[in-house]
Amino acid sequence: QVQLVESGGGLVQAGESLKLSCAASGSTFRINAMGWYRQAPGKQRELVATITRGGNKNYADSVKGRFTISRDNAKNMVYLQMNSLKPDDTAVYYCQVSRWATMNDGGFGSWGQGTQVTVSS
């Protein structure tokens with residue numbers, strides 16, 4: 001099993017930036033893709049960005065050009081640089097990991113507490 005701990009959220013104004021971090025521990029040798037999900041109040045959790053062990057990245061259309069995912073394989077860390085934040089980005093952000101190159105299986109890590117991002121207008 002893989003444990004996940006997110007950090008870096010906060011309250012910012014529209015147009016500002018935040019960088020989220022996630023530390024994975026446990027059976028990290030099983031990890032291929034790492035990714036970020038978010039869940040806004042009253043909405044389903046959505047996949048925001050993924051990155052494979054080899055560095056291939058995918059983004060949701062809603063964040064393309066504004067968010068950048070990166071990872072440090074040696075430290076088992078994944079990051080999400082969020083620029084030009086909008087009120088619609090307000091959500092709890094969670095990281096997740098997969099044995100595969102995508103998150104189609106929903107990931108196999110233990111969901112962490114997430115980190116709250118609030119963007120005021």
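Reader: In which sense do strand 4 and strand 9 pair, and over how many bridges?

Author: This is a predicted model. Strands of a sheet pair through backbone hydrogen bonds, either parallel or antiparallel. For strand 4 and strand 9, the pairing is antiparallel, and the count of bridges is six.

Reader: Which residue in strand 9 is the bridge partner of Met34?

Author: Strand 4 spans 34–39 and strand 9 spans 91–97. Within strand 9, Met34 has as its bridge partner Val97.

Reader: What is the order of the strands in the open sheet of six strands?

Author: The pairing in this open sheet is mixed. Strand 2 (10–13) and strand 6 (57–59) each pair on one side only, and are thus its edge strands. From one strand to the next, the twist averages 25°. The order is 2-10-9-4-5-6.

Reader: Which residues touch the most other members of the largest nonpolar core?

Author: This core has 29 residues. Val78 touches, among others, Met34, Trp36, Ile69 and Cys95, leaving aside residues up to four places away in sequence. The members with the most such neighbours in the core are Trp36, Phe67, Val78, Leu80, Met82 and Tyr93.

Reader: How much space lies in the largest cavity?

Author: Rolling a probe the size of a water molecule over the atoms shows where empty space is left. One cavity of 30 Å³ or more is present in the structure. The lining of the largest cavity includes Met34, Arg71 and Met77. Its space is about 40 Å³.

Notes
Residues are numbered from 1 along each chain as its sequence is written. This is a predicted model: local features need pLDDT of at least 70, side-chain atom pairs count only at pLDDT 80 or more; totals for chains, interfaces and linings use all residues. Side-chain values use heavy atoms; hydrogens and water are left out. A nonpolar core is a set of buried Ala, Val, Leu, Ile, Met, Phe, Trp, Tyr and Cys residues joined through side-chain atoms within 4.5 Å. Buried means under 20% relative accessible area, exposed over 50%, partly exposed in between (1.4 Å probe, protein chains only). Helices (H or I, at least four residues) and strands (E, at least two) are DSSP runs, numbered from the N terminus. Contact means heavy atoms within 4.5 Å. Two strands pair if DSSP finds at least two bridges between them. Axes are lines fitted to C-alpha atoms, for helices over the stretch in contact, and angles run from 0 to 180 degrees between N-to-C directions. On a 1 Å grid over the protein atoms alone, a cavity is a set of points where a 1.4 Å probe fits but cannot get out, and a pocket is an open set with protein on both sides within 12 Å along at least five of seven lines; lining residues have an atom within 4 Å of a point. Grid points are joined across faces, edges and corners, and a volume is the space filled by probe spheres set on the points.
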